[in-house]
Amino acid sequence: MIGLFIDPTPALELLVRERKASAATRWPDATYLSHPIHATLVAGAFAEPEEWTSALTTRLATVPAFAIACCTSSVFAGDPATGGSTVVIDIVPSDELSALQLVVAQTIAPYRDRATAESLAFQYQDSRASHSMRVFGSPWIGAHWRPHFTIGSFATGADAPELRALLAPFSPVSVPVHAVSVWRITGDQHEPLATIALDGAPRA
């Protein structure tokens with residue numbers, strides 16, 4: 001599987017790591033706790049990145065850098081991927097973020113594994129996710145996407161008192177979006193492959 005992510009700032013990374021560490025004292029084997037901190041734009045079965053990173057680099061060079069805001073945390077109750085309660089740091093939706101996701105999805109959609117996408121599409125009860133899987137090879141593309149940075153997914157109810165500390169208020173965090181990172185995902189293992197800059201990104 002390939003994932004295309006927005007990476008956190010140090011301040012947001014610290015916030016999420018602290019909450020992951022807190023959760024690990026009660027649920028050491030919880031899903032997502034070991035994953036690198038990121039917001040997923042697109043994830044699915046795609047051809048090797050060498051086949052499409054050039055095209056994506058060209059497209060992203062026309063997308064202006066922007067910033068996203070993280071102001072709240074919430075729970076995805078009955079997460080379809082885990083069956084548990086997934087606690088996240090929400091990203092405030094914006095036109096710029098939606099446009100970035102669509103550019104990425106449209107650019108790499110021709111390189112999706114069509115057979116895999118078609119077979120997985122039947123697993124989603126949400127017709128929008130099913131349609132997105134068929135068209136883009138990733139289920140959460142479009143208005144039904146809830147952008148977020150994940151803390152973890154836990155085998156407990158969404159209203160469980162044990163989740164309260166993970167949902168505590170925090171000072172709003174602004175995250176500049178200067179690039180999209182590309183990762184290979186194998187189970188819980190995440191291997192960084194590339195970072196592709198947006199227009200206006202700081203130069204190294």
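## Basis

The model is predicted: local features need pLDDT of at least 70, side-chain atom pairs count only at pLDDT 80 or more, and totals for chains, interfaces and linings use all residues. Residues are numbered from 1 along each chain as its sequence is written, and side-chain values use heavy atoms, with hydrogens and water left out.

Helices (H or I, at least four residues) and strands (E, at least two) are DSSP runs, numbered from the N terminus.

## Four-strand sheet

Four strands form an open sheet, ordered β2-β1-β8-β9, with antiparallel pairing. Pairing requires at least two DSSP bridges between two strands. β2 (39–44) and β9 (189–197) stand at the edges with a single partner strand each, so one side of each lacks a neighbour in the sheet. The twist averages 25 degrees from one strand to the next.

Strand β1 (residues 2–6) is joined to strand β8 (residues 179–186) by 4 bridges. G3 has W183 in β8 as its bridge partner. Helix α2 packs on this sheet and touches β1, β8 and β9; its direction makes about 50 degrees with that of β9. Helix α3 also packs on the sheet, touching β1, β2 and β8, and its direction makes about 20 degrees with that of β2. Angles run from 0 to 180 degrees between N-to-C directions, and axes are lines fitted to C-alpha atoms, for helices over the stretch in contact.

## Helix pair α2 and α3

The axes of α2 (residues 53–60) and α3 (residues 95–108) come within 10 Å and cross at roughly 150 degrees. The two helices are therefore roughly antiparallel (angles over 145 degrees).

A55, L56, R59 and L60 of α2 meet L100, V103, V104, Q106, T107 and I108 of α3. Contact means heavy atoms within 4.5 Å.

## Aromatic pair

The structure holds 3 aromatic pairs. Rings of Phe, Tyr and Trp (its six-membered ring) pair if their centres lie within 6.5 Å; planes under 30 degrees apart count as stacked, over 60 as edge-to-face and the rest as tilted. One of the pairs is F5 with W183: tilted, 5.8 Å centre to centre, 35 degrees between the planes. F5 lies in β1 and W183 in β8, 178 residues apart.

## Three-strand sheet

A 3-strand open sheet has the order β4-β5-β6, again with antiparallel pairing. β4 (73–76) and β6 (148–154) stand at its edges. Strand β5 (residues 85–90) is joined to β6 by 6 bridges. S85 stands opposite F154 in β6. Helix α1 (residues 10–24) packs on this sheet, touching β4, β5 and β6; its direction makes about 5 degrees with that of β6.

Note on methods:
Parallel < 35°, antiparallel > 145°, perpendicular 65-115°, else oblique.
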